[in-house]
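Student: I would like to learn how to read the pockets of a protein model. Could you take me through an example?

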Amino acid sequence: MMQKNRMKRLSLGMVLGLAGYACAVQADEKAYEFHTLAKGSHSWDGAALPAYPAGTPEVTVGRIVIAPGATLPFHQHPFINAGVMLRGQLTVTTEHGKTLQLATGDALIEVVHTWHRGENTGSEPVEIIVFYAGTADTPVTRLQH
């Protein structure tokens, strides 16, 4: 009887292993694609990214819409963040005069602890999906007073 149970377990293990192999083969046959949009250890202005903050981690995903011709006030982010432009044209300027031109489809690793602002330089709304790697109970943006 023990021999019979061992054979059943062995057979089940082989079936599950083959099923796992079949799934892996399907994945290798373009069941999905992955495209890196941005990756790095520096923000778009060349500054090294800071260490992740201590505390309870909190990821925030947001959608920003900026009207045509609008300019955001100077602001900064206290932790690492990145975004993808879904549509529009945006000019980002730091307080020190560094600029970045963004258009539909562009991805960026945003500046951290640096005062900057964005201006919609196009004729349609700008739409950006942003990702913040922060800590619980810490705002993702601070406005300059």
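Student: How much space lies in the largest pocket?

Tutor: This is a predicted model, in which local features need pLDDT of at least 70 and side-chain atom pairs count only at pLDDT 80 or more, while totals for chains, interfaces and linings use all residues. Residues are numbered from 1 along each chain as its sequence is written, and side-chain values use heavy atoms, with hydrogens and water left out. On a 1 Å grid over the protein atoms alone, a pocket is an open set of points where a 1.4 Å probe fits, with protein on both sides within 12 Å along at least five of seven lines; its volume is the space filled by probe spheres set on the points, which are joined across faces, edges and corners. Here the largest pocket holds about 270 Å³. Its lining (residues with an atom within 4 Å of a point) has 22 residues, and Ile64, His75, His77, Glu110 and Ile128 are the closest to its centre.

Student: Is His116 buried or exposed?

Tutor: Buried means under 20% relative accessible area and exposed over 50%, with a 1.4 Å probe and protein chains only. His116 has 1%, so it is buried.

Student: Which side chain does the side chain of His116 join in a polar contact?

Tutor: A polar contact is a pair of N or O atoms within 3.5 Å, where one must be able to donate a hydrogen and the other to accept it, and residues adjacent in sequence count only if both atoms are side-chain atoms. The side chain of His116 makes such a contact with that of Glu110, at 3.3 Å.
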